[in-house]
Amino acid sequence: MSGEEAAGMPGPAPDERPQPEGRRNLEGHRIDPVVEAEHDSRRAVISALVEDEPGVLARVSGLVSRRQFNIESLTVGPTTVEGHSRITMVVEETDPGIDQIEKQMAKLKPVISVGEVSGSAVTSELVLLKVHGEEPDKVHAVSEMYDGQTLDAGPETITVQLTGDESKIDDAIDAFDQFGIIEIARTGQTALARGNIPTAPGEKPGTAGEPTTPNTQ
């Protein structure tokens, strides 16, 4: 179609027509800015029971990465049921985002059950800190203050292990900073629900004699 023919078509010019608003995600889907603005982000702990299959962690992390969800940490480890593992994710998302994470993870074949940990979860993480060793007595004193354990000590460096919730770990790191932190490794948080509440929806322990109910989302 020539420019003259286009100019003769009824209606507003292309640059005068209403333009859609909102950013697009990686799949090209446009996100409604009004809906996005209606929800504040919050931190949530999501627990998933999965079957031990090669690549299951890569599939979960890849799904979350493709959809641009904001993950703070991700851990995985065995459960009381042989052949099952627990994936724990800490995310900073809106309520619709958290809901989408659960729904998309539930679609993955190795995922047995997934959901946000109810109530105030019991959380903990492990941290290894390597600091300069010029002041071993002071390093030891700070380590004791935070119930730490010295794993390696030499004339140049000292490596300490710390465990606890995020607040305790952050305070400890601040305290060790005075010695000069050379390296640090944090596992990320792992979590269980308090009391007799299942950590993942429908979760049954290995001693229950019955399987965990598959997630039906």
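Begin with the largest nonpolar core, which has 19 residues. The residues with the most contacts inside this core are I46, M89, V91, I101, M105 and V114. Several elements each give two or more residues to it: strands β1, β3 (84-93) and β4, together with helices α3 (56-66) and α4 (95-106). In soluble globular proteins, nonpolar side chains tend to be buried together. Keep in mind that the model is predicted.

Now turn to the sheet. Four strands form an open sheet in the order β2-β3-β1-β4. Their pairing is antiparallel. Which strands stand at the edges? They are β2 (71-78) and β4 (111-116). Each has a single partner strand, so one side of each is left without a neighbour in the sheet. From one strand to the next, the twist averages 15°.

Look next at how β4 is held to its partner. Strand β1 covers residues 42-51. Five bridges join β1 to β4, and the two run antiparallel. Within this pairing, L49 stands opposite S113 in β4.

Last, pick out a single residue, T159. It lies in strand β7, which spans residues 157-164. Is T159 buried or exposed? Buried means under 20% relative accessible area. T159 has 14% relative accessibility, so T159 counts as buried. What does T159 touch, leaving aside residues up to four places away in sequence? Its contacts are L129, K130, Q149, T150, L151 and D152.

Notes
Residues are numbered from 1 along each chain as its sequence is written. This is a predicted model: local features need pLDDT of at least 70, side-chain atom pairs count only at pLDDT 80 or more; totals for chains, interfaces and linings use all residues. Side-chain values use heavy atoms; hydrogens and water are left out. Two strands pair if DSSP finds at least two bridges between them. Axes are lines fitted to C-alpha atoms, for helices over the stretch in contact, and angles run from 0 to 180 degrees between N-to-C directions. A nonpolar core is a set of buried Ala, Val, Leu, Ile, Met, Phe, Trp, Tyr and Cys residues joined through side-chain atoms within 4.5 Å. Buried means under 20% relative accessible area, exposed over 50%, partly exposed in between (1.4 Å probe, protein chains only). Contact means heavy atoms within 4.5 Å.
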